[in-house]
Amino acid sequence: MTTRTAEYGVVGVVRVLEALERTSPSVGGPFSVASIREEGAHHLDEKEIAKALKYAQRWRDLEQEALDRLFD
């Protein structure tokens, strides 16, 4: 199993929140996200959340590209 940093989890959470925002009227931004690590909880600031949103967009783009080429 590949070991990954907590940032992967943050991006995953942001991606789920974005999906919920689109499908559930009771969920919406701005989001509040915290990362729990050995040294304690860290609440992401707006800049960190914007960075995670950028990576989530990259993930969607790469996923779409993979799906477009799946049956090539």
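**How the two helices cross**

At what angle do H1 and H2 pack, and how far apart are their axes? The angle is about 75°, and the axes are 9 Å apart. H1 and H2 are therefore roughly perpendicular to each other, a label that covers angles of 65 to 115 degrees, with under 35 called roughly parallel, over 145 roughly antiparallel and the rest oblique. The axes here are lines fitted to C-alpha atoms, for helices over the stretch in contact, and angles run from 0 to 180 degrees between N-to-C directions. Helices are DSSP runs (H or I, at least four residues), strands are E runs of at least two, and both are numbered from the N terminus.

Before going on, keep in mind that this is a predicted model, where local features need pLDDT of at least 70 and side-chain atom pairs count only at pLDDT 80 or more, while totals for chains, interfaces and linings use all residues. Residues are numbered from 1 along each chain as its sequence is written, and side-chain values use heavy atoms, with hydrogens and water left out.

**Who meets whom**

On the H1 side, Val 10, Val 11, Gly 12, Val 14, Arg 15 and Glu 18 make the contact; their partners in H2 are Ala 52, Leu 53, Tyr 55, Ala 56, Trp 59, Arg 60 and Glu 63. Contact means heavy atoms within 4.5 Å. Sorted by class, the residues of this H1 and H2 contact come to eight nonpolar, one polar and four charged. For the classes, Ala, Val, Leu, Ile, Met, Phe, Trp, Tyr, Cys and Pro are nonpolar, Asp, Glu, Lys and Arg are charged, and the others, Gly among them, are polar.

Arg 15, in helix H1, is worth a click. Its relative accessible area is 17%, so Arg 15 is buried (under 20%; exposed is over 50%, partly exposed in between, with a 1.4 Å probe and protein chains only). Not counting residues up to four places away in sequence, Arg 15 touches Ala 56, Trp 59, Arg 60 and Glu 63.

**Val 33 and Ile 49**

Val 33 sits in the loop between H1 and strand S1 (34–37). Val 33 counts as buried because its relative accessibility is 5%. Leaving aside neighbours within four places in sequence, its contacts are Val 10, Val 13, Val 14, Leu 17, His 42, His 43, Leu 44 and Ile 49.

Ile 49, for its part, belongs to helix H2 and is buried too, at 10% relative accessible area. Ile 49 and Val 33 are 16 residues apart in sequence and 7.6 Å apart in space, C-alpha to C-alpha. With neighbours within four places left aside, Ile 49 is in contact with Phe 31, Val 33 and Leu 44.

The largest pocket has a volume of about 260 Å³, and its lining is Glu 7, Tyr 8, Val 11, Tyr 55, Arg 58, Trp 59 and Leu 62. On a 1 Å grid over the protein atoms alone, a pocket is an open set of points where a 1.4 Å probe fits, with protein on both sides within 12 Å along at least five of seven lines, and lining residues have an atom within 4 Å of a point. Points are joined across faces, edges and corners, and a volume is the space filled by probe spheres set on them.

The second largest pocket holds about 180 Å³ of space. Its lining residues include Arg 37, His 42, Glu 48 and Lys 51, and H2 gives the most, with four residues. By class, this lining has five nonpolar, one polar and four charged residues.
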